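Subject: Structure handover

Hello,

My notes on it follow.

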Amino acid sequence: MRIDGRHYRTIWLDEDGWRVRVIDQTRLPFRFETVALASCAEAAEAIRGMVVRGAPLIGATAAYGVALAMREDASDENLSAALARLGAARPTAVNLHWALARMRERLGGVAQAERAATAYAEAAALCDEDVALCRAIGQHGHAVIRERAATRPAGTPFNILTHCNAGWLATVDWGTALAPIYLAHDAGMDLHVWVDETRPRNQGAALTAYELGAHGVPHTVIVDNAGGHLMQRGQVDMVIVGTDRTTATGDVANKIGTYLKALAAQDTGVPFYVALPSPTIDWSLSDGFAIPIEERAAAEVTDLCGLTEAGEIGSLRIVAPGSAAANPAFDVTPARLVTGLITERGVAPASREGLAALFPDLAGKALAA
Ligand code: MRU
């Protein structure tokens with residue numbers, strides 16, 4: 001995607017050819033800053049601290065984290081330590097474990113002297129593949145939007161609601177839920193996006209709004225509680241969200257608050273789609289409630305981060321002193337509430353049969369621990 005006329009991916013190799021450069025998403029939308037990750041520890045910390053976030057980008061960063069570790073010390077012991085360190089950085093997005101399993105498999109039989117170069121090449125290939133998967137999701141999702149929009153009266157924009165950020169910032173490029181929106185917009189469709197602010201980290205207000213704005217897509221930020229009201233009034237034609245882990249049966253873990261949108265969509269007859277690349281499917285799980293849900297710091301709830309009047313990025317306490325705060329970061333939307341799963345191979349019903357029909361080569365394959 002382009003920022004100020006320059007094309008960026010979210011992760012790339014620095015000019016020195018070995019450090020890994022990423023966009024610091026904790027500074028957006030107020031500052032566009034990049035940081036160089038120079039060690040496996042720094043890559044793990046960037047994932048934990050949400051400098052990078054979004055399931056596909058977490059996986060890509062972990063892959064490069066392994067490459068950085070192999071540059072430091074390519075021994076079997078250090079490979080195991082790197083996989084363990086990176087694997088513990090965040091619990092819910094399965095792409096992290098998928099990427100690490102892929103790196104382990106690729107590096108296992110490789111001589112230590114070759115491991116760093118092999119790991120960098122594999123991480124780069126994984127990133128290129130992510131771009132291709134997201135672009136394909138965009139094409140299939142665009143077809144769904146076109147089909148749905150054909151039933152709308154002419155002269156009114158097609159309204160899509162999204163939650164959190166599942167755009168290019170959450171992936172290597174293009175995004176998952178936003179890729180179809182970018183393609184539809186570029187094809188000249190009259191569409192408008194309702195952007196849930198997505199408390200507590202405000203990925204919608206800060207990141208999705210920033211992305212859509214940079215691409216010129218008409219959008220409006222709403223508080224998380226407004227979606228049901230808009231659906232009741234016929235102001236939402238379709239919901240598209242991303243996912244951090246989807247079970248083999250089509251249950252979907254995504255940013256906290258997604259489930260409530262799915263309930264409202266079901267009640268009001270609004271189609272609810274989830275966009276995902278196949279590395280987000282956890283073929284070992286049949287029950288969404290088995291997905292580990294990340295609990296994050298209470299401070300993310302008690303304090304709001306934003307731009308102060310002085311133009312500095314700062315935080316502001318909004319909760320009464322002494323009150324406890326809980327911060328589950330994801331929730332699970334059962335497959336029965338999902339209209340369809342938009343993948344790189346097409347749209348699947350949210351069911352074991354639906355996913356297995358699209359991915360017969362992957363269905364039933366659990367990640368090696
Ligand atoms: O906590 P985050 O920002 O890493 O969570 C990301 C999400 O939940 C997004 O909604 C997204 O859809 C999943 S990644 C494409």
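Please keep in mind that the model is predicted. Glu42 sits in helix H1, which covers residues 40-48.

Strand E6 (residues 158-162) is mostly covered, with five of its five residues buried. On one side these are Phe158, Ile160 and Thr162, and on the other Asn159 and Leu161, so both faces count as covered, buried being under 20% relative accessible area. In a regular strand, side chains alternate between the two faces of the sheet. E6 runs parallel to strand E7 (residues 191-196), and five bridges join the two. Within that pairing, Leu161 lies opposite Trp194 of E7.

Strand E12 (residues 272-275) is also covered on both faces. Phe272 and Val274 are buried on one side, Tyr273 and Ala275 on the other.

Which strands are joined to E12 by three bridges? One is E9 (residues 238-241), which runs parallel to E12; there, Val241 has Val274 as its bridge partner. Another is E17 (residues 340-343), also parallel to E12 and joined by three bridges. In this pairing, Ala275 has Ile342 of E17 as its bridge partner.

Regards

Technical notes
Residues are numbered from 1 along each chain as its sequence is written. This is a predicted model: local features need pLDDT of at least 70, side-chain atom pairs count only at pLDDT 80 or more; totals for chains, interfaces and linings use all residues. Side-chain values use heavy atoms; hydrogens and water are left out. Helices (H or I, at least four residues) and strands (E, at least two) are DSSP runs, numbered from the N terminus. Buried means under 20% relative accessible area, exposed over 50%, partly exposed in between (1.4 Å probe, protein chains only). Two strands pair if DSSP finds at least two bridges between them.
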